[in-house]
Amino acid sequence: MTREIQGQSVHAELATSAIDVAAQLEELRLRAPGHGAVVSFQGTVRSLTKQGEPLEQLILDHHPRMTLASLQRIAEAGLRRFEVSAVSVVHRCGAMTPGEVIVLVGVASDHRREAFLAADYVMDRLKTEAVFWKRELGPFGERWIEPTERDMMDRERWNEEDAGN
Amino acid sequence: MRGFLARPASPAAITEYNVLSDDQWHGVMPCVCQIKSRGLQARLILAVTSCIRYGKRVSGGPGPMVDGERMQIEFYGRIAASFGGAAQVEIPEAGLPVSGLKALLASRFNVDAVLHRAVRAAVNNEFVPESHVIRPGDTVEFLSPVSGG
């Protein structure tokens, strides 16, 4: 779903299969032609758990309506807070294996500084507020994952109220 | 919260019970109660007609559940496994606060984890507080704390 806000555009998408990063970034670049900077971040599935065990699968459960709404809300917040022209958030759900892309955040703007900041901000909010429930599977069985202390501190850096979550 | 039965169920000297669910509700609601009688304890649902703060009298007494509308409730995240993803309960026509519905679910399905404040209710796709009154016809879901992306 792509939405225009005062000539700027936000794209939020929940992907059920592998994210085509090149196609998404090309689409972002074309949505904001003539701007000087495109910054992107890819989050990928780690091969080891926090406890150092081998990870076989990461599973992201989602909500049929609230998950996409949360991606949209976070992407729009990034666009509003910084002087940027376009924001894309593409997030996987379902089962993934190590190395796969879980999330792609792309920001286009006139200047690189704002684009870097907006991407960083959007990622910090996604890590704590996006409506997903994560489980990891491995030789240890199945384990639920919750946001870490560090994720929470990263989120607090931006000095904002929790946005209705 | 601790309550007292205004009309004991029987002369069998059930003299007090603890309401294990939230205490901010005035109206008809089912509460999970712990009954003490002659040193024995039991857990059951009572229809409480007025529920007030700790140490004060709770009027009403044990009674049948109020007839109401059958509602399908869905669960997401860790809590979903305890309910097999969904559950059906009767909601009184007058409605029921989130805390009361949690108490009903905990008792009916024997899942205490749903009582935790971190398990949040969403009504019609928006998060609502524990005091929010759910009405028949609402779309009600319970969500475990999100993991983030």
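Q: Over how many bridges do strand β9 (residues 120-123) of chain B and β10(B) pair?
A: This is a predicted model, in which local features need pLDDT of at least 70, side-chain atom pairs count only at pLDDT 80 or more, and totals for chains, interfaces and linings use all residues. Residues are numbered from 1 along each chain as its sequence is written, while chains are lettered from A and ligands numbered from 1 in the order in which they are written. Strands (DSSP runs of E, at least two residues) and helices (H or I, at least four) are numbered from the N terminus, and two strands pair if DSSP finds at least two bridges between them. For β9(B) and β10(B) the sense is antiparallel and the bridges number 3.

Q: Which residue of β10(B) is the bridge partner of B:Ala122?
A: β9(B) covers residues 120-123 and pairs with β10(B). The partner of B:Ala122 there is B:Phe127.

Q: Which strands stand at the edges of the open sheet of chain B?
A: Its 5 strands, with mixed pairing, have the order β7-β6-β12-β9-β10. Two of them have a single partner strand each, so one side of each lacks a neighbour in the sheet. The twist averages 35° from one strand to the next. The edge strands are β7 (86-92) and β10 (126-128) of chain B.

Q: At what angle do helix α3 (residues 112-129) and helix α4 (residues 149-156) of chain A cross?
A: Axes are lines fitted to C-alpha atoms, for helices over the stretch in contact, and angles run from 0 to 180 degrees between N-to-C directions. These two axes come within 9 Å and cross at roughly 135°.

Q: Which element gives the most to the side of chain A that touches chain B?
A: The contact takes 22 residues from chain A and 12 from chain B. β7 (101-109), α3, β8 (132-138) and β9 (141-145) of chain A give two or more residues each. With 4 residues, the top contributor is α3(A).

Q: How many residues of strand β5 (residues 86-92) of chain A are buried?
A: Buried means 20 or more other C-beta atoms, placed from the backbone, within 10 Å of a residue's own. A:Ala86, A:Ser88, A:Val90 and A:Arg92 point one way, and A:Val87, A:Val89 and A:His91 the other. The strand is largely enclosed by the rest of the structure because the buried count is 7 of the 7.

Technical notes
Two residues are in contact if their C-beta atoms, placed from the backbone, lie within 7 Å. A residue is buried if 20 or more other C-beta atoms lie within 10 Å of its own, exposed if 12 or fewer, and partly exposed in between; C-beta atoms are placed from the backbone.
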